[in-house]
Each structure stands twice: as C-alpha cells, then as structure tokens.
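Subject: Structure handover

Hi,

Here is the structure we talked about. Please load it, then read the notes below alongside it.

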Amino acid sequence: MTMTATPSPNPVLWRNSQFLRLWIGNLISALADGAFFIALAWFIVDKTGSEAVLGTTLMCMSIPRLLFMLVGGVAADKYNRKWIMFGSILARGVVLGAFGLLLLQETGHWLPYAAYLTAFLFGTVDAFFWPARSSVLPFVVSREQLAPANSLMEIAQQISLVGGPLTAALLMRLTSYPATFLVMAAAFFIGTLIISTLRLEPAEEIDTSRQTKEPSFFRQIFEGILFAKTIPVLMIIFGTSLVVNMMFSGPVNMGLPLLVKQLGWDSNAYSSLSTSLGVGTIIGGVITGACNGFRGRFLLLPFFLGLMGAGILAVSFMHVLPFGLSMMLLVGITMAMTNIPLITYIQTIVPAHMLGRVMSLLTTMSIGLGPVSYALCSFLLETKMLEAGTLLLVGGIAVGLLGMSLILFRHFREAEQHPLWAQQGAKKQQEQEKPQTTLSV
C-alpha cells in the first residue's frame, strides 16, 4: 500500500517572487502617492487658505487622468505593463523632485500656478499607471489566486492611506515643505528600482488567432467600450462608480481638510482622519480576503455602500476627533469590502487581451465626473452657499442612496450567474473538496 499527498493547487502567494516584487513596488509607490496627496492638499490650504485654489489644483490633477486613462488602458493591452508602471513611477518622482526644488526658492504670486502645473503633470503620468497596475495580476498569478492576490494588493494600496498621511504629517512637522516633496520623490525612485526587476508572463494562454492587423489606438479604445457594452452588469458597475465617486471625491477631498481647518485643528488631525480611513480599508481588505471576496454574497455590496455613505454623512457632524476617526474607519472598511469583490469579478470574467481597456474604463468612470465635482464644490464653498460640513452631509446621503440602488438592477442581482464566474467558483470548490491523500494497494 502506498500513500501520496495531493499537491496544493494554490501555493502561498508570498512564495511567488514576481508577486512579491509587484506588491513591494506598488506599496512604495502607493505610500508616496498617499503622502503627496495629503501634503499637497494641506500645503494649499495652509499657504493660500483658498477653496478656489484647492479645487482648481484637484481639477488639474483629475482632468488629465480622465483624458489619458483610456489611452493608458490601450497601452496596457498593447505594451509591457511592467515598463508602463516603471515609466509612470519614475516620471512622478521627477515631477515631485522638480516641485520640491522649486519651493526652495522664495514663494510668491506664482505659487498657485506651480501647484497647478505639478498637479497636471502628476495626473497625466499617473493615468498610465492604473490600467497597467489593475490588469497586471492575471500575468503574475493564476486566476484561482486572483481573489487573495487582489486582497493583498488592496491592503498594500490601503496601507498607503495609513502610512502616507503619517509620513506626510511627520515630514511636515520635522522638515520644510520642499524637503517633504523631495523625500517623496526619492521614494518613487526606489519604487522604480523594484518594478524594474519584475518579469511578467501570461498566467493563461491568450487567443491570438483573430489578431491580424493591429488597429489604431482609438479603434482599440472603441473596441473596449463595445466589449463592455455586451456585458450589462459591467455597464451598471461603471455607471454607479461614475456617480458615486463624483459624490465622494469633491465632498471628502475638499470638505474634510476645510472642516478640520474650521474646527481649529492642525495638519496632524487631518492626517489622523486620513490614516483612520486607511486603517479601515486594511481591515476591510482582510475581512474580504477571509470571506473569499464575498463570492456568492454579492447582494451585500449595496448594503456596504449604504454604510459607507452613512459614515461620510456622520463625519459632517464631527466636533470631537475620536468620533470622526471612528466614522472614517467605517468608511474605509466598507469601501474595501465593495471595491475588492468588484475588481476580482471584472478580472475573472474579462479576457486577458481586453483587461487593460476594461479596467481603464472602470478607472475612467471612477474619476470621470471628478473635475465636475471639484468645480462644483469649489463654487459652492467659495460663494458660501454651502459649508464644508454641509458638503460632507450631502455627499454622504448621495453615496449611500446611489450605492444601495444597485439592488434594483436585475443584471446586478444575477451577476454571479455569469458563466466564467460560476465556473471559477465551481472549480475552486472542487479543489477544496479534493481529498488531501490518496491510497492505492
């Protein structure tokens, strides 16, 4: 009689050196990203005190993201994702390094324009990073490992919401603004060194039999849109993301720092609130990973979005910091518990050769109305039609109601019946039910 062990179908992700390099490189880049956003927002509020300048700066960052995101998606499907990520991270380091050196000079009337240019350049190169980053996982891990890999990548991304604000607060307390931005530039340069060692290989064979003459960039963008339109649940997810993120981006990214300033608190309080959001997303990522991406329980996602909106609404009534911290924690938890399952779902049902374009569509939808949100919020705040707290109140109500409206769409309620999603779930269940040992006489 002999006994042989059945090999584990899902080796530990941390033993995958390529995934580990991707995770670390993404983590360093995300930390610098998170620190930059906090430092830039507080720098504008501290130096100018103008809602209009803050809103315009955020618009300068989001508009090029919107314009170039779809092009970045085509590039991710057409070129090596590793070098797209490398180039984007390197360029962001150069932009921040130049801004830091510029701030070493005496500040003057040109300060807002320097911030506008920095935000515009940063948003432009950042637009090419996210489609490559969002579509690279199937080329690093197997599709069976996408859910845990996405959870770990989301955790890395959300660590930046903890470490980024803490790093920004520490640098702004111990050093000057120029040194703060120069340190962030150095972090981006370190990230490029790690990403440069990454080697990507397709996790699965891609059908290239129909690829004859390579179409133009615009044609490929159009093909991505046409493909997404053939899957109604994708259009529902995109549309909801478009409107929900509009009601989140302006009210939270503009309302929160201004509310902190109105309450007489300093940059440490603002950083603490942003850190609490990041801690929440880490907790949410862990919960989502432990629950297998809420596979089979997608009807919980609208409920999570409702709680997220309630948390934003509650922040508008913040008068003591611990209450605001607990509400931002709730927002972070529910944000991760919604984002990770939907990203995993899209990566599972979309063919690899279309994934970059589809993920770029999702990212475009999430920032599509961002400039409109920033412009509208800037106008409402500058004209005193709304206070920062009221802005958060309105944004929270809108996010909650729009998120919960997902349950009204039949295609969303039936999303988990998609053949590829159901097939993947059945395959994973069969693997889990396999006996760990086999006996033969």
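A residue counts as buried when its relative accessible area is under 20%. Asp126, with a relative accessible area of 0%, is therefore buried. One caution before the rest: this is a predicted model.

**Salt bridges**

The structure holds 4 salt bridges. Asp126 takes part in one of them: its side chain meets that of Arg65, with 2.6 Å from N to O. Arg65 sits in helix 2 (residues 51-78) and Asp126 in helix 4 (residues 111-135), so this pair ties together parts 61 residues apart in sequence.

Arg92 forms another salt bridge, with Asp33. Here the closest N and O atoms are 2.9 Å apart. This pair also links distant parts of the chain: Arg92 is in helix 3 (residues 81-103), Asp33 is in helix 1 (residues 17-47), and 59 residues separate them. Arg92 is buried because its relative accessible area is 0%. Asp33 has 13% relative accessibility, so Asp33 counts as buried too.

How are Asp33, Arg65, Arg92 and Asp126 linked? They belong to a network of salt bridges.

Arg410 and Glu414 form a salt bridge as well, with 3.2 Å between the closest N and O atoms. Arg410 has a relative accessible area of 43%, so Arg410 is partly exposed. Glu414 is partly exposed because its value is 32%.

Glu416 is in the loop between helix 15 and helix 16 (419-433). Glu416 is buried, yet has no salt bridge. Which side chain of opposite charge is nearest to Glu416? That is Arg295, 5.6 Å away.

**Nonpolar surface patch**

Which residues form a nonpolar patch on the surface? They are Leu299, Ile407, Leu408 and Phe409. Together they have about 380 Å² of accessible area. Phe409 is in the loop between helix 14 (388-404) and helix 15 (410-413). With a relative accessible area of 38%, Phe409 is partly exposed.

**Backbone points to check**

Most residues other than glycine have a negative phi. Two residues to look at here are Asn292 and Lys384.

- Asn292 has a positive phi, near 55°, and is not a glycine. Asn292 lies in the loop between helix 9 (267-290) and helix 10 (301-315). Its relative accessibility is 26%, so Asn292 counts as partly exposed.
- Lys384 has a positive phi of about 65°, again without being a glycine. Lys384 lies in the loop between helix 13 (370-382) and helix 14. Lys384 is exposed, because its relative accessible area is 56%.

**Cysteines**

How many disulfides are there? The count comes to 0. Cys60 is buried, at 18% relative accessibility. Cys291 is partly exposed, with a relative accessible area of 26%.

Best wishes

Methods:
Residues are numbered from 1 along each chain as its sequence is written. This is a predicted model: local features need pLDDT of at least 70, side-chain atom pairs count only at pLDDT 80 or more; totals for chains, interfaces and linings use all residues. Side-chain values use heavy atoms; hydrogens and water are left out. Patches are made of residues with over 30% relative accessible area and no salt bridge: like charges are joined within 9 Å, nonpolar side chains (Val, Leu, Ile, Met, Phe, Trp, Tyr) within 5 Å. Accessible areas come from the Shrake-Rupley method with a 1.4 Å probe; for residues, only the protein chains shown count as cover. Helices (H or I, at least four residues) and strands (E, at least two) are DSSP runs, numbered from the N terminus. Buried means under 20% relative accessible area, exposed over 50%, partly exposed in between (1.4 Å probe, protein chains only). A disulfide is a pair of cysteine sulfur atoms within 2.5 Å. Lys and Arg count as positive and Asp and Glu as negative; His and the chain ends are not counted.
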